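Reader: I am new to protein structures and would like to learn how to read one. Could you take me through it step by step?

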Amino acid sequence: LFTMIKEQTARLSQLVGTLLDMTNLKSVPRTDQVSLEELVDEVFCDLASVAEQKDVELIQQEGDCIITGSYLLLYRAVYNLVENAIKYNHSGGKVTVNIHLSEEITDTSTSVNYVFLEVSDTGIGIPPEYQEKIFTPFFRVDKSRSRAMGGAGLGLALVSEIVRQHNGQVKVLESSKKGSMIAIILPV
């Protein structure tokens with residue numbers, strides 16, 4: 001009974017912390033010069049033991065982009081994506097992060113550069129009907145597994161809000177039973 005109460009208290013504490021994070025997003029300055037390569041490197045260092053416990057290899061592809069934003073918020077967004085990619089992966093799986101630029105022509109005279117930070121995994125995949133819903137607060141694909149996996153269904157909602165605060169978007173680029181690729185897309 002004590003263990004169950006302790007687990008529930010920790011879960012509620014995490015939920016309250018995440019909700020507070022979400023309400024304070026607008027007040028965080030977004031003026032840092034952020035190297036996405038360095039940010040991913042720090043996320044990988046911080047999640048190395050979690051990946052090791054799950055026997056998941058972390059791979060960072062070569063590529064970088066410097067953007068203006070909040071290092072702290074962008075760190076949290078990438079951390080949440082990588083943590084989920086580890087959590088919902090198979091033992092012996094991989095999580096790969098790739099950073100690359102893309103150009104979009106908006107009309108005949110202007111173009112906008114975007115950076116794609118793609119987190120790919122070899123995990124269980126996300127069914128097509130849930131690929132947009134996973135960024136909704138409290139949504140979980142498999143409710144029966146959610147207690148065992150931890151979390152409150154707010155991690156990807158927080159990612160989405162952080163990216164929106166940076167004038168970007170997050171979306172599932174591909175997903176199957178062989179894994180998923182989720183991209184954070186930000187204007188440069």
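Reader: How many bridges pair strand β5 with β7, and in which sense do they run, parallel or antiparallel?

Author: Let us begin with the terms. Helices (H or I, at least four residues) and strands (E, at least two) are DSSP runs, numbered from the N terminus. Two strands pair if DSSP finds at least two bridges between them. Here, β5 (residues 111–121) and β7 pair in the antiparallel sense over 7 bridges.

Reader: What kind of model am I looking at?

Author: This is a predicted model, in which local features need pLDDT of at least 70 and side-chain atom pairs count only at pLDDT 80 or more, while totals for chains, interfaces and linings use all residues. Residues are numbered from 1 along each chain as its sequence is written, and side-chain values use heavy atoms, with hydrogens and water left out.

Reader: How many residues of β7 are buried?

Author: Buried means under 20% relative accessible area, exposed means over 50%, and partly exposed lies in between (1.4 Å probe, protein chains only). In β7 (residues 179–187), 8 of the 9 residues are buried, so the strand is mostly covered. Across the protein chain of 188 residues, buried residues make up 38%.

Reader: Why does Leu117 count as buried?

Author: Leu117 counts as buried because its relative accessible area is 3%. Contact means heavy atoms within 4.5 Å. Leaving aside neighbours within four places in sequence, Leu117 is in contact with several residues, including Leu36, Val78, Ile99 and Ile184. Leu36 is 81 residues apart from Leu117 along the chain, yet their C-alpha atoms are separated by 8.1 Å.

Reader: And Thr96, is that buried or exposed?

Author: Thr96, found in strand β4 (residues 94–105), counts as buried because its relative accessibility is 17%.

Reader: Now for helices. At what angle do α3 and α5 pack?

Author: For such angles, axes are lines fitted to C-alpha atoms, for helices over the stretch in contact, and angles run from 0 to 180 degrees between N-to-C directions. Helix α3 (residues 71–87) and helix α5 (residues 155–165) pack at about 145 degrees, with axes 9 Å apart. Among the residues that meet are Leu73, Leu74 and Arg76 in α3, and Gly155, Leu156 and Ile162 in α5.

Reader: Why is α5 described as largely enclosed?

Author: Helix α5 is largely enclosed by the rest of the structure because 8 of its 11 residues are buried. Among them are Leu156, Val159, Glu161 and Gln165. After α5 comes Asn167, whose phi is positive, near 60 degrees.

Reader: How many disulfides does a search of the whole structure find?

Author: A disulfide is a pair of cysteine sulfur atoms within 2.5 Å, and the search finds 0. As for individual cysteines, Cys45 is exposed, with a relative accessible area of 55%, whereas Cys65 counts as buried at 8% relative accessibility.

Reader: Finally, how many helices and strands does the protein chain have?

Author: The protein chain has 5 helices and 7 strands. Along the sequence, their pattern reads α-β-α-β-β-α-β-β-α-α-β-β.
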